[in-house]
Amino acid sequence: MFANLQRDLPLPVAAMLISLLLPPELSVELGGLRLSGYRIVLLVMFIPTLYALLLRPNIRMSFADWGMIFVSAWSFLALIVHEGLVGAIEKGGILIVEMFGSYLIARIYITRYEKLLAVAKLLTMMVAAVLIVSIPESLTGIHFLRGSGAGYYPERLGLYRAYGPFDHPILHGVVCASAFSYAHALVSADKKVAIGKWTPALIVSAATFFSLSAGPFIALGTQIGLAFWDYFSKKLKNRWWIVIGIISVTYIGIDLLSNRSPVAVLISYLSFSGQTAYVRLLIFEYGSAEALRHPLLGIGYGDWLRPAWMPPSVDNFWLLTAMRYGMPASLGITAVIVYMVLRIGRTPGTVLVRDAGRAWGFTLAGFALVGCTVHFWNATFVLFFFFLGSGHWVFSEKRIVSNAPQRRAPPRLRSYQPRPTLF
């Protein structure tokens, strides 16, 4: 597991990822700004990574880079309108650092397969550490890392919902589930990892389970389902377009046959209890109406119209982004993901590059789906945009896989000869 990890893992990447495991109680306040471990790393690295993206001659900016710049600038503009310049600098500044800064660290430092493999190994070890804490926490209800900072939730399946070092059990599950495809497709495939082929995937699955949250279960199930389809459909032509077609037909069918929107149906099935599903449906109904009333610049961090008894939280990343910063911000993130999926899917490469591209795509699919039932904040928010940037190398800079084992590739193809595209 540790083989070549120190050599291939860039220090800024390692520092940012490890700092995500620091509980929020370890943050410090400086002039009204909460400085957590990952925020310190992102603040230190923001200017150097932005300089590298804009001015380093061997880096060519893509639509994804410009898209992230657009989303950051648009969000900042929306906050200027609603919060004033000073408020926008305070709230929008740290938003850009967390969102664009985490993307930049992955974009600049993950430039070849060996570095992504090192990231996958580190993520698997981090989830294993979370699992060690989650088991006794779920059995006893004692939050060893969060202490009194953790809230209380009723038991599910006879167990307590584990927090780990995160702000909420569902975020604990989202973070753990997000490592599944990297652990399964990359770590398990590395012959230098002598812990069993299925062990990394089982570690991630077990850690996700102790969140006892439906959203992470769905994210994990999505990745597992895509992995099975990938394995059993290798001989099918245009197999990923078949998946897109099935999803499209299902969406249209639900829209025609149900008295609820497809998104509302999805939300209702992504909840453990009927009460939770009902509240989330109301959040989607009133939140969507608010976003449509303010489609361009949103409402900032202001309050939104809803029944007096409803809580102010919005359990939907995509919806809350549109509500706060306008629909262009939410659609901009979506456009970046779609662009990268299409580019990675059409980029030829070795077996390992294709495996890395699919692992990235499966991870983002899980994130996109669970984002319909929970908002990403703090460590999870940062990790989402880090994952987004971690796949850019597949279709940008020259891919180097000389030191990696060429799994399933015949000897005559051990060089950089092109392979069929993912689609």
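User: Hi! What covers the buried residues of helix 7?

Analyst: In this predicted model, the cover includes helix 5 (113–140), helix 6 (169–178), helix 8, helix 9 (214–232), helix 15 (351–370) and helix 16.

User: And how many residues of helix 7 are buried?

Analyst: 7 of its 8 residues are buried, so helix 7 is largely enclosed by the rest of the structure. The buried ones are F180, S181, Y182, A183, A185, L186 and V187.

User: Where is W198 found, then?

Analyst: W198 sits in the loop between helix 7 (180–187) and helix 8 (199–209).

User: Is W198 buried or exposed?

Analyst: Exposed: the relative accessible area of W198 is 52%, and the cut-off for exposed is over 50%. In sequence W198 is 10 residues from S188, while their C-alpha atoms are 6.7 Å apart in space.

User: Let's move to helix 16. How many of its residues are buried?

Analyst: 12 of the 12 residues in helix 16 are buried. Among them are F381, F384, F385, F386 and F387, along with A379 and S390.

User: How far apart are the end C-alpha atoms of helix 16?

Analyst: They are 16 Å apart, which agrees with the 16 Å that 12 residues should span at 1.5 Å a residue.

User: Nice. What does F384 touch?

Analyst: Leaving aside residues up to four places away in sequence, F384 touches F317, W318, I333, I337, L364, F367 and F376. F384 is also one of the residues with the most contacts inside the largest nonpolar core, together with L17, F386 and L388. That core has 103 residues, and its largest share, 17 residues, comes from helix 4 (residues 63–109).

User: Which residues does the second core include?

Analyst: This second, separate core has 11 residues, including L282, I283, L319 and L320.

User: Switching to cysteines: how many disulfides does a search of the whole structure find?

Analyst: The search finds 0 disulfides. As for individual cysteines, C176 is buried at a relative accessible area of 0%, and C372 is buried at 16%.

User: Last thing, confidence. Where is it lowest and where is it highest?

Analyst: Helix 11 (residues 262–269) has the lowest confidence, with a mean of 72, and helix 16 (residues 379–390) has the highest, at 96.

Conventions. Residues numbered from 1 in each chain as written. Predicted model: local features only at pLDDT ≥ 70, side-chain atom pairs only at ≥ 80, totals over all residues. Heavy atoms only, no water. pLDDT = per-residue confidence, 0-100. Helix = DSSP H or I, 4+ residues; strand = E, 2+ residues; numbered from the N terminus. Disulfide = S-S within 2.5 Å. Buried < 20%, exposed > 50% of the residue type's maximum accessible area, 1.4 Å probe, protein only. Expected span 1.5 Å × (residues − 1). Contact = heavy atoms within 4.5 Å. Core = buried A, V, L, I, M, F, W, Y, C linked by side-chain atoms within 4.5 Å.
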